[in-house]
Structures are given as C-alpha cells and as structure tokens.
Amino acid sequence: MIELQLVHSAHPLSKSAHSIPSASFLNNWSSSSLNTVSQESPAPPTSHEDSLFEFATTGEKGMMMKNRSMPDQILKPVRANEFNFYETVYPNCPQIQRFAPKYFGFKMKERPLVKLEDLTARYKRANILDIKMGHSTAGEKESDEKKEYRRKKDGATTSLPLAMRYAGLWLFDPETRDYHIKDKIWGKRLEAKDFFSTLDMYVSNQGKNSIEKRIGLIDKWMTKLEAIKQWIDSPNAQFRMYSSSLMFIYEGDDLDDVSCDLRMIDFSHVYPIRDGGRDDGYIKGLNNLMSYLADLKDMYTLSMHSEAGFDLEGEPLNIKDMSARPPE
Ligand SMILES: Nc1ncnc2c1ncn2[C@@H]1O[C@H](COP(=O)(O)OP(=O)(O)OP(=O)(O)O)[C@@H](O)[C@H]1O
Ligand SMILES: O=P(O)(O)O[C@@H]1[C@@H](O)[C@H](OP(=O)(O)O)[C@@H](OP(=O)(O)O)[C@@H](O)[C@H]1OP(=O)(O)O
C-alpha cells in the first residue's frame, strides 16, 4: 500500500522567476518569445481553497490564484498556446465547453490570466486527483530538445505503459482536519503496479469512505468518462491534447456526501488533427482508466457482499493481484 505523507512546505516546484508570452501571442500558436516578470502575489490563505492553490503552482508560468472579485473563479496564468485555446477553440467547441471548466474571458496583467470556473468552489473540502493523460506529453510543435526531454520523462513514468500518470493528489482527513498532498514528482516515481492501489487510496480516502460512497463516485465518473471517450474517439474530435489532465474532485469533509465532478483541464498543448487520425494516446489512457475503475468497483462490490472481505472463491481480496494485471 502507498503511504501518504503530510506535506507542510510550499510546493517543491514553485519557482522564483516566471515567464510569459511577450506580445502578439493571440495568433501565435507556438510562441517561444518569453519575458521574465515578477510574481503576482496569490490571495492570502484565508480559506481552504487558497491554501490549496499554494500547491497548485503552474510551473514557470506563475501561480494559479483566486479571483478576488469573483470568488467562484480562479485566475490561471497561461502561455500563448493555452490562451489561444481558450480564446479561439473553446468558444467553438461545445464538447470542450461541456467537459472543461467554464471560461469567463481573460485579464491582461503582466501576463495573460484566464478566468476559469473554480471547480473546488462548491466543496467544503475538495479531494482532488489530477491525472495527466496520454502516452506522450511532447507537443507537436515543440523544439526537438523539449520533445526529447518529455519523451525521456514519459518513458520513465507510467505515461508510456499506461498512457496516464498521476500529476497531483489532495486528500482531506476529516479526523485530523489536515490535507495530505502529493505532488507531480511523486506521480512520476510511481510504477504501473502502484496505479490501482493509488486509485483505491483516492476513491476510498484511505479507507475512510463507505463502500456505498466509493461505488457512487465511480458510477458518476464512469458516466462522464464514457461521454468524453465517445467524443474523443469519434470523427468529431478535432484535435489532439498533449500533457492535458483529468481532474477528479469529490467532497472530502462529509463522508456521506457523494457530490463529485470530473473535468478536463490544462490545454497547454492542443493541436488540430490534420491526418484523419484520432488522439490515440488519450484514448488509450481513457480505456485503461475506465478498466481500473471498473475493477475497483468490482472489488468494492465484492467486499460489500462479503462480510469478511473474501472473494467468490473464498480467497482474500488482493489488491496486489488486481494491480498486476497488464495494461491494455
Ligand atoms: N478550474 C480549476 N478549478 C480548480 N482547480 C483547478 C482548476 N484547474 C486546475 N486546477 C488545479 O490546479 C492544478 C494545476 O492545473 P493545470 O494543470 O491546469 O496547471 P498547469 O500550470 O498547466 O500545470 P503544469 O504546467 O504543472 O502541468 C490542478 O492539478 C488542479 O489541482
Ligand atoms: O518547461 P515548460 O515549457 O514550462 O513545460 C512544463 C514542464 O515541462 C513540466 O515538466 P517538469 O520540467 O516539471 O518535469 C511539465 O510538467 P510535468 O512534470 O507534469 O510533465 C509541465 O506540464 C510543462 O508545462 P506546460 O504543459 O505548460 O508546457
């Protein structure tokens, strides 16, 4: 089983210098012209969401923050690609509008900040899992050097074998009132054999959630995943998404509350499909994820039907055996 550690320090990937597109990024799909700017202070950590965002750093781009004038929104600093995505792709794509956070336009400070629906706003304490989808995170128009860097990273993580890797986890412990946090470095170190037990750790909140709640969450997420797959694995999908994530959320402060959500986030590397193909990396990740969730539901269902936690053959339920199943 994976042990969670409580993280007290700031996000280890916070950086002091932040870069933004310099100018004319609106129509520049792959701008590499970046300026260094000073960091805009995030909102003071007066609420649980603010403290969450201390950890939701955005690489070199700067820090995601609450929109002080609109409490249900966040401001995400973006580069040219993601800015273009929200300004030109999002308004014309009903499926993205359905599966991504709502987009409320942008604010031009020292860097462009997109105003997005805060997906955690309706929760007392949001339990979050960020899964980066696809077997390759290398964007099509990146430099050879960058592609090579990303290929190495993908090959050394679960991205290559499973077409997904964990990019962050936030779990609230209702007893200690603390968040357990895992960052993307942890996600990169995880092996494929640990993927299933980690998913179990998140869905069960380390065993604290009732079996009914776990199954309820999985059912809702599966419906959403099916809908996403139906779109992405169809001729209607017009682009491939690299390094994009699925963000899972559910209520962590009320063990009986099954409120939850699942959205597509992070559109830094989105490219139009011009070869008539599909986003095979994303589709493979979706298939594996749905297969793991289905196995997890089976495991929970079995344990619900068996007081002592034995399977139908009378053998103890064994997470290890299930996680050892080879990926598709
Ligand atoms: N709309 C949203 N509402 C609430 N939280 C969000 C939202 N979008 C992203 N987050 C949180 O912020 C984290 C980082 O988001 P995202 O991946 O979009 O940023 P990023 O800067 O592109 O990250 P990176 O460059 O490290 O991949 C997510 O894991 C999630 O916890
Ligand atoms: O260097 P960039 O262009 O900011 O891209 C980052 C970066 O590659 C980062 O990787 P790492 O250097 O922290 O290993 C990526 O995170 P992962 O570790 O999750 O792959 C980011 O996703 C990249 O940001 P972006 O997706 O906006 O290009």
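**Note on the predicted model**

1. Start with Arg-150. Leaving aside neighbours within four places in sequence, Arg-150 is in contact with Thr-137, Ala-138, Glu-142 and His-269 (contact means heavy atoms within 4.5 Å). Arg-150 sits in helix 4, residues 144-155. Arg-150 counts as buried because its relative accessibility is 10%. Here buried means under 20% relative accessible area, exposed over 50%, and partly exposed in between, with a 1.4 Å probe and protein chains only.

2. Ground rules. This is a predicted model, where local features need pLDDT of at least 70 and side-chain atom pairs count only at pLDDT 80 or more, while totals for chains, interfaces and linings use all residues. Residues are numbered from 1 along each chain as its sequence is written, chains are lettered from A and ligands numbered from 1 in the order in which they are written, and side-chain values use heavy atoms, without hydrogens and water.

3. Overall make-up. The protein has 10 helices and 13 strands. Helices (H or I, at least four residues) and strands (E, at least two) are DSSP runs, numbered from the N terminus. Of the 328 residues, 54% count as buried. Among contacts between residues at least 6 apart in sequence, 72% join residues at least 24 apart.

4. The cores. A nonpolar core is a set of buried Ala, Val, Leu, Ile, Met, Phe, Trp, Tyr and Cys residues joined through side-chain atoms within 4.5 Å. The largest has 63 residues, and Leu-246, Phe-248 and Met-264 have the most contacts inside it. Helix 8 (residues 211-232) gives this core its largest share, 11 residues. A second, separate core has 11 residues, among them Ala-126, Ile-128, Trp-170 and Ile-249.

5. Leu-246 up close. Not counting residues up to four places away in sequence, Leu-246 touches residues including Leu-129, Ile-131, Leu-225, Ile-228, Met-264 and Leu-286. Asp-130 and Arg-263 are also on its contact list.

6. Helix 7. How many residues of helix 7 are buried? The count is 10 of its 10 residues. Helix 7 (residues 195-204) packs against helix 9 (residues 280-305) at an angle of about 60 degrees, with the axes 10 Å apart. Axes are lines fitted to C-alpha atoms, for helices over the stretch in contact, and angles run from 0 to 180 degrees between N-to-C directions. Helix 7 contributes Phe-195, Phe-196, Leu-199, Asp-200, Val-203 and Ser-204 to the contact, and residues including Leu-289, Tyr-292 and Met-299 come from helix 9.

7. Aromatic rings. Rings of Phe, Tyr and Trp (its six-membered ring) pair if their centres lie within 6.5 Å; planes under 30 degrees apart count as stacked, over 60 as edge-to-face and the rest as tilted. That rule gives 20 aromatic pairs. Trp-231 and Phe-239 make one edge-to-face pair, 6.0 Å centre to centre and 80 degrees between the planes. Trp-231 is buried at 5% relative accessibility, and Phe-239 is buried at 7%. Both belong to one aromatic cluster, which also includes Phe-85, Tyr-86 and Phe-267.

8. Backbone points to check. Most residues other than glycine have a negative phi. Gln-206 has a positive phi of about 55 degrees and lies in the loop between helix 7 and helix 8. Gln-206 is partly exposed, at 33% relative accessibility. Arg-177 has a positive phi of about 65 degrees, in the loop between strand 8 (164-173) and strand 9 (178-182). Arg-177 is partly exposed, because its relative accessible area is 43%.
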